[in-house]
Amino acid sequence: MGKRLTAFMIAGAVAVLAAALVSLFFGSTDIRPDVVLQGLLNPDMADQQQVAIAELRAPRTLGCILVGAAFAVAGAVMQGVTRNPLADSGLLGINAGAAFALSLCLALAPGMNFATVVVCSFVGATFAMLMVYGAVSFRRRNVDPVLVVLAGCAVGLFLTALAQGVAIYFNIGYSLTFWTAGGVAGIRQNTLLMTAPFMVAALVAALVLSRRVTLLSLGDDAATGLGVKVGRSRRLCLLVVLVLAGAAVALAGPIAFVGLMVPHVVRRFVGFDYRAVIPASMVGGAFFMLVADVLSRTINAPSETPIGLIFAIIGVPFFIWCARKQEGGEDE
């Protein structure tokens with residue numbers, strides 16, 4: 001595991017750095033390299049191009065790295081804890097909860113700033129997670145991971161229906177659809193500063209919990225036999241998933257398939273030990289998000305293609321392929 005993980009992390013770090021440079025130097029508008037460097041190092045606020053680099057491209061690039069890492073690690077932890085290779089953070093109803101809260105805020109407080117959107121989305125994600133966990137843990141000492149997934153699907157459908165009802169009644173369907181399409185175009189320095197500490201802290205927590213995730217992926221009996229407190233460990237892992245996915249959804253919208261695809265890909269390189277899968281997923285998620293964002297800006301420039309659409313084009317066939325493998329009983 002050690003040599004493969006080291007090689008993957010080095011190659012991944014180089015790939016992320018290269019993708020970040022492409023993200024900074026290329027976009028829907030052509031900007032000379034010297035202007036980009038000036039905008040990064042010492043921007044002249046009277047120069048619109050340098051302002052665009054400092055206040056738009058730089059936060060957007062850093063946001064892509066954090067959001068991609070957060071979604072990928074949340075998916076990896078979910079797959080380990082639930083022992084379901086098709087799981088991701090969306091199965092906890094987090095995306096639907098954020099969408100429902102945002103629909104209420106758009107209806108009751110139109111014209112709110114992006115910082116308020118972030119707060120509303122995170123509150124909604126937390127509410128959905130509490131609903132899911134409360135439903136499956138009521139009068140139960142141990143939480144069955146299968147019940148968590150089923151409850152997450154049910155809560156997600158319920159909150160999605162409520163969000164759509166609010167959107168229709170208050171005629172805010174366009175605004176809600178724009179957000180649910182997913183994208184990082186709205187990331188600014190203030191919103192990044194608001195959410196980045198939560199994501200970084202949760203990523204560190206995921207690394208600390210990675211051994212427990214590996215043991216939980218072996219099953220409750222095996223984990224208990226190896227000295228793991230299953231209930232407590234699962235709650236901690238789900239809390240980490242909430243913070244990671246909740247903050248990422250609040251910042252970039254409910255971008256699907258990142259948490260599903262990236263852990264599958266990295267496990268082929270580093271194996272099934274989550275002490276390797278989780279850090280590798282951080283790097284892989286950051287790279288995939290950066291590449292998708294560059295494509296979203298350049299495919300139909302100067303217009304932007306929703307980044308969620310790009311992941312859906314790749315993710316739907318990938319999901320079908322994974323489901324067929326699981327149905328056929330094949331190993332990863």
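Which residues of helix α2 are buried? The legends below start with that helix and then visit other parts of this predicted model.

**View 1. The buried side of helix α2.** In α2, which runs over residues 33-41, the buried residues are Val35, Val36 and Gly39. These residues cover an arc of only 105 degrees around the axis, so they sit on the same side of α2.

**View 2. An aromatic pair between helices α1 and α12.** Searching the whole structure turns up 4 aromatic pairs. In the pair shown here, Phe8 and Phe269 have ring centres 5.7 Å apart and planes at 45 degrees, so the pair is tilted. Phe8 belongs to helix α1 (residues 2-25) and Phe269 to helix α12 (residues 258-270), so the pair ties together parts that are 261 residues apart in sequence. How accessible are the two partners? Phe8 is buried, at a relative accessible area of 16%, while Phe269 is partly exposed, at 47%.

View 3. Tyr169 is exposed, with a relative accessible area of 68%, and Phe170 is partly exposed, at 38%. Next comes Asn171, found in the loop between α6 (145-170) and α7 (173-180). Asn171 is exposed too, with a relative accessible area of 70%. For background, most residues other than glycine have a negative phi.

**View 4. Phe257, a buried loop residue with a positive phi.** Phe257 is not a glycine, yet its phi is positive, at about 80 degrees. You can find Phe257 in the loop between α11 (230-252) and α12. With a relative accessible area of 18%, Phe257 is buried.

**View 5. Asp273 and its polar contacts.** Asp273 is in the loop between α12 and α13 (274-298). Its relative accessibility is 16%, so Asp273 counts as buried. Which side chains does the side chain of Asp273 touch through polar contacts? One is that of Thr214, at 3.1 Å, and another is that of Arg275, at 2.7 Å. Thr214 lies in helix α9 (residues 210-216) and counts as buried, at 14% relative accessibility. Setting aside neighbours within four places in sequence, Thr214 is in contact with Asp273, Tyr274 and Arg275.

**View 6. Helix α8 and its kink.** Follow α8 along residues 189-208 and you will count 20 residues. At 1.5 Å a residue, α8 should span 28 Å, which agrees with the 28 Å between its end C-alpha atoms. Along the way there is a kink of about 35 degrees at Thr195, shortly before the proline Pro197. Thr195 is also one of the buried residues of α8, which include Leu192, Met199 and Leu203.

Key:
Residues numbered from 1 in each chain as written. Heavy atoms only, no water. Phe/Tyr/Trp six-rings, centres within 6.5 Å; stacked < 30°, edge-to-face > 60°. Helix = DSSP H or I, 4+ residues; strand = E, 2+ residues; numbered from the N terminus. Buried < 20%, exposed > 50% of the residue type's maximum accessible area, 1.4 Å probe, protein only. Polar contact = N/O pair within 3.5 Å; in protein donor to acceptor, adjacent residues only side chain to side chain. Contact = heavy atoms within 4.5 Å. Expected span 1.5 Å × (residues − 1). Bend = angle between axes of the 7 residues up to and from the residue. Arc of directions from axis to C-beta.
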